[in-house]
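Me: I am new to this structure. Could you show me how to read a few of its features?

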Amino acid sequence: MTVTSSDRETGPAAAAQRIRPATVDELPTCAAIWREALNDYLGPLGQPEIPDDLGPILRLYTHLRSTDPTTFVVAERTDGEDGPTIDGFASVVNRGRLWFLSMLFIRPAAQGVGLGRRLLEAVRPSGDDRIRSTATDSAQPISNGLYASLGIVPRIPLFRLVGRADRPAELPALPGDIAVATFEEIGADRDGIGSSALMSEVNGLDREVLGFERPVDHAFLDAEGRRGFLYCHRDGAARGYGYTSETGRVGPVVVADPELLAPVVGHLVTAVEPRGAFGVWAPGPAGAAMVALLRAGFRIDGFPTILCWDQPFADWSRALPISPGLL
């Protein structure tokens, strides 16, 4: 997810910034900037403040930097009275042809002088064959305008649904010819998702529906404690997979047929007992899954995010993302 300010000007503050790759020790500062920037514009809109529990976002940043270290960059101000300070950062993940701007946040005091554009320039892709994409907040028209002017046009909404399946009868059942097994039951080795047979099935579904493979992200999900399920036809063909967790995080979900998405999501929100509420990111084209969750007791939380891209790359009627920061 990205948030930028008006970047039409490039003043002294922007010129004094040095753009360079982030170090591991700077990730907590990036997480603090993320929280400060979000709270700066969410508060006036009457939205609740982002809590100061930065553990989950720090683990995500650690993963993003580990897979794409050269495109996780910070803007370091070099002329401050108290020495160098970090005023913003950007992170891009590269998966196959996909260039995905995962994060771009500027400290509120440093906004409005062109720093967002400088960070974006530092991580822009080379070559014309790349698919460029990001996720932005619908309450940020300036950000959406900036990316659209670069060809990364807002396309579909992404809703966060939270709650529990208090009315499970509203969830569609899995078809009778679909069998379910956990990744562990399939025979994942001691490295979890590392089982070659399992990864072959999962990679194949990702290629078909999303247009890219992401084994490093599956390993991250496994390390995060998300529980994976594989859904197979009775003839043995894999028809989908999905993740759920006791922490309440659901996704990603990828299925071969759009009609299977809602039943799989219904299974995932009833397969484990969360410690609190479930959280699911549902794109607009996944309408049947959204309807089922809302009827079962979920609600839409906050303003929708918008998925943006310069050319199509995924069928979002057959998939739910991990989050706006890691599809």
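Reply: Start with one side chain. The model is predicted. Arg-124 has a relative accessible area of 51%, so it counts as exposed.

Me: Which residue does Arg-124 meet in a salt bridge?
Reply: First, the general idea. Side chains of opposite charge can pair when their charged atoms come close. Here, the side chain of Arg-124 meets that of Glu-121, at 2.6 Å, N to O. Glu-121 has 47% relative accessibility, so it is partly exposed.

Me: How many salt bridges does the structure hold?
Reply: It holds 20. One of them joins Asp-315 and Arg-318 at 2.8 Å, N to O. Asp-315 is partly exposed, at 26% relative accessibility. Arg-318 is buried, with a relative accessible area of 12%.

Me: Are Glu-76 and Arg-20 buried or exposed?
Reply: Both are buried. Their side chains form a salt bridge of 3.2 Å, N to O. This pair links distant parts of the chain, 56 residues apart: Glu-76 lies in strand β2 and Arg-20 in strand β1.

Me: Now strands. Why is β5 largely enclosed by the rest of the structure?
Reply: Buried means under 20% relative accessible area. Six of the seven residues of β5, residues 131–137, are buried, so the rest of the structure largely encloses this strand.

Me: Which strands pair with β5?
Reply: Strand β4 pairs with β5 in the parallel sense, over four bridges. Trp-99 stands opposite Arg-132 there. From β4 the chain crosses through helix α4 to β5, in a right-handed β-α-β crossover. Strand β14 runs antiparallel to β5, joined by five bridges. In β14, Trp-309 is the bridge partner of Ser-133.

Terms used:
Residues numbered from 1 in each chain as written. Predicted model: local features only at pLDDT ≥ 70, side-chain atom pairs only at ≥ 80, totals over all residues. Heavy atoms only, no water. Buried < 20%, exposed > 50% of the residue type's maximum accessible area, 1.4 Å probe, protein only. Helix = DSSP H or I, 4+ residues; strand = E, 2+ residues; numbered from the N terminus. Pairing = 2+ DSSP bridges. Right-handed = clockwise from strand over helix to strand, strands pointing away. Salt bridge = Lys/Arg side-chain N within 4 Å of Asp/Glu carboxyl O.
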